[in-house]
Amino acid sequence: MLTKFYDFNLGSVTESSLWRSTDYGTTYQKLNEKVGAKTILSYLYVSPNNKRKIMLLTDPEVENSLLISTDEGATYQKYRLSFYVLSLLFHPQQEDWILAYSHDQKLYSSMEFGRRWQLVHERVAPNRFYWSKMGVDKEAGLIHLETSVSDTQALYITCKLQNCSEGNKGKPFPSYIDPNSLVVQDEYVFVQVTTGGRTIYYVSSQRDVFTPMKLPKYTLPKDLHVISTDEKRVVAAVQEWNQNDTFNLYVSESGGVYYTLALENVMSSMGPEGNVMIDLYEVAGIKGMFLANKKQESQVKTYITYNKGRDWRLLQAPDVDLRGNSIHCMLPYCSLHLHLHVSANPYTSGNIASKESAPGIIMASGSIGAELSSSNVSMYITSDAGNTWRQIFDEEYSVLYLDQGGALVAIRHTPLPIRHLWLSFDEGRLWNKYSFTSSPLFVDGVLGEPGEETLIMTIFGHVSHRSEWQLVKIDFRSIFNRRCTDGDYQTWHLQNQGETCLMGVKRIYRKLKSVARCVMGKTHSVTVISEPCDCTESDFECDYGYERRSDGKCSPAFWFLPSSMSRSCTTVSSFLNSTGYRKVVSNNCTGGVVDLYTARRQPCPRQAPRGLHLVTSDGTLTATVNSNVTFMVFLEEGLGSRTTIMLDFGNGNTISYSNISTVEDGIRHVYRSVGIYRVAATARNDLGAETVLLYLHVTCPLEHIHLSAPFVAVKSKEVNLTAVLWPSQVGTVTYIWWLGNNSEPVITLDGSVAFTFSREGINVVTVQVSAGNIILQDRKTIAVHEYFKSHLLAFSSNLDEHNPDVAEWRLDVSRVIRNSMVQATGMDREQLLVAVLPGLPTTAEFFLLPDKQVTEGKPEKTTQHLDELSETVLGALNQNLVQFTLRPGVQITVYAAHLSAAPLVDTSENHSGSAMLMLLSVVVVGLAVFVIYKFKRSQASASMHRCRTKKNKK
């Protein structure tokens, strides 16, 4: 037993103690010296396959180690760990095989009970790793796991225990899945894939290919949880589009593919860790028996089923209360309602309990009335599997099973200290009160021998909130004076309100007589005698696509075409023609009406292809250039063995198959060019043909964009703005422009727009480019003026050696040049703008702005004023007066460029994008500004080779 001391001031565990008892809790030995006096232990694990093997984990913040015992905790060996363990998963059969999940999403394996560890895989999703199942998986050492790709994508892979290299990985599901969606349970595997806001749930049975789960057509689930997969059938809780706090229960056939409704509006709640808890309880010991809390006209009522959800009914309330007073409760207006939450704490019981070793006995807290209530809660028990109930306490108790259900112990469930418990030997009819301590104790939990056969239990708690742990051992062996004999047992027939044929058989159990006070012991077994029954209509549920009418008959739903179930004819020559019914899974009835209700195998009809479907394997309509695209072709109706399939990929390539069964694994194709392709699939036989189209967008990932815009623009004159992409061809692109002070964007499919700025001042232009699931943006600042004059600048050649050609460097150098020119000319700073242009050799442009107080806004004075400013600046430049220090020892001189055409200047973020050729001119009212853009294609041509554009035929 491990105890820890939590220091509330420090907010952490500062001490731990390890205790061992070899006499069922009579005495305890403290083992701290054997594990390290100062060692702080965090967790204790007992091997589920060998109780002699124990593993202890230390607090990794203090010491990252584990301790192993192979002699029931008598001695320990310590081993250092190189990773922090968050959780362990023991193999269900191999006692030394363990999986360990670390804090950094890595999964490790050990085949030596933790003595050595080996990395299995990185980026593994928490709690999404599973051991293989014997008899289903081909290898015992196989691991199923979900690995994270991004926040929205994951992969389902399988790995060998000691070899998870790329060559040895299996990928049972061909494409990405939703994060935290992998569930491996018994012979079933479940994943989900969300595309375009709609989620598709897939299932694989017996590790076969994945198939979409077929729920009724308009279920439209918001959430889905697998509740049970035992006995070759799936029970799923589905929250539909119009539900908030309830789920609908659906049950499948043995393949886990086709689902029918079992019960609507089952209540749900959030667990302590944010998990969804469904108010559904599977009764232990009796197959096919469930209890559920259903919301019905704003009231929550408890229902019971004996045939796996085929039929449900309310619970009949007891006839009398605890004191013998009559209870007037008439169905359906009044019934018994139970709380169905099971405790996650192994040392406390929940609201309801049943055991495999005690079939028919169910204890639960609940209330009587029109609906389930959280007030006036009492304890109830049934010993005949829910047919009749008795009130045993008028408040909540924790009830435990002794001697495999031969005796029951009840402890009051209260935050107050207690000193009594209650014991019953007759299935809860009579309770005897016993004192287990002289001083009242706050009870925190109960420890017992493994299994329900225990006759020794330990109650642990504390006398006060500041006291240490108190353990009280209770040995019930002295109460029983003998072993049970055959005469102490009786037979009990399972029935539902008199009906003894349940799940197709009559079941007879061997139970202890209520008057017997003897020990059944570990050798006791529940003997079940089964006698098959003739099949009746109640042994069959509605098949997929059928709904139960008010008269109990199954008829097709409005959306269902019964002929569509012949879709198996696309791969075989015969099909099962449904009668609208299917036998409840695990129902063992024989004869009777079995032939009337069982689907009949019929030859497939000769008919033209109908219901042809063409999709990509991942359900999307996009693909990346030069990558594999897998097309899936499905045919709902038509004889597949005589139906040919032709697929036109839309790029001049076509492929044909002699029959549809040869394309079950999909058709792969690689597109080498960007574009939108019209993909056509045609199914044809001698009776007709059908064609279906799919428009596939093949794209190239967008890596970078650059907004090409002038640094200064003329007020009320149109300006051209261009977004340059890298690579230049990426597929379908949307451009979103925020221009000036406009609060609403302009959305275009063209990479260029023209815009007129109506006000002088600084304007910010932002463009966002959306290509597939990638969005990139660039932003430029444009100074808008009514009058200005510009001129190109050149620099001493040593500047090129220090030009990294990045935007931030150009902004900083522009500011330095501007300061140097203001200092050399003495002009007002507000009348000068400088912008260093992208590319090499380094060039810049300066802009002269008029002083409105001098020009009075008149064109003639403005022209004269700008000419005077230009002469001043050019004079300083020609005299080499404009200089600046780039870094110690690097002096840069600024020159006026010749008035002839300036050299080509690259305006992209790198040397090989677009370049701009500017013809200088003085700008005044009535004069035009000409800016000529010329785009180079050096690296762009390389990108065209990598992401070429689809060429349409003329």
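Mentor: Let us begin with contacts: two residues are in contact when heavy atoms lie within 4.5 Å. Not counting residues up to four places away in sequence, Ser 578 touches Asp 543, Tyr 546 and Ala 599. This is a predicted model, in which local features need pLDDT of at least 70 and side-chain atom pairs count only at pLDDT 80 or more, while totals for chains, interfaces and linings use all residues. Residues are numbered from 1 along each chain as its sequence is written, and side-chain values use heavy atoms, with hydrogens and water left out.

Trainee: Why does Ser 578 count as buried?

Mentor: Buried means under 20% relative accessible area, exposed means over 50%, and partly exposed is in between, with a 1.4 Å probe and protein chains only. Ser 578 counts as buried because its relative accessibility is 16%.

Trainee: Which backbone atom does the side chain of Ser 578 reach?

Mentor: The side chain of Ser 578 reaches the backbone nitrogen of Gly 580, at 2.9 Å.

Trainee: Is Phe 649 buried or exposed?

Mentor: Phe 649 is buried, because its relative accessible area is 4%. Phe 649 lies in the loop between strand S53 (644-648) and strand S54 (654-657). Its contacts, leaving aside residues up to four places away in sequence, include Phe 631, Ile 667, His 669 and Tyr 671. His 669 is 20 residues from Phe 649 along the chain, and their C-alpha atoms are separated by 7.9 Å.

Trainee: What is the phi of Asp 186?

Mentor: Asp 186 is not a glycine, yet its phi is positive, at about 55°. The loop between strand S15 (183-185) and strand S16 (188-195) holds Asp 186, which is partly exposed because its relative accessibility is 29%. Gln 206, also a residue other than glycine, has a positive phi near 55°. Gln 206 occurs in the loop between strand S17 (198-205) and strand S18 (211-212), and it is partly exposed because its relative accessible area is 41%.

Trainee: How many helices and strands does the chain have?

Mentor: The chain has six helices and 75 strands. Of its 954 residues, 48% are buried. Among contacts with a separation of 6 or more, residues 24 or more positions apart account for 50%.

Trainee: What is the radius of gyration of the chain?

Mentor: The radius of gyration is taken over C-alpha atoms, and the globule rule is 2.2 Å times the number of residues to the power 0.38. The chain has 40 Å, whereas a compact globule of 954 residues would have a value near 30 Å. Along its principal axes, the C-alpha trace spans about 125 × 85 × 55 Å.

Notes. Helix = DSSP H or I, 4+ residues; strand = E, 2+ residues; numbered from the N terminus. Polar contact = N/O pair within 3.5 Å; in protein donor to acceptor, adjacent residues only side chain to side chain.
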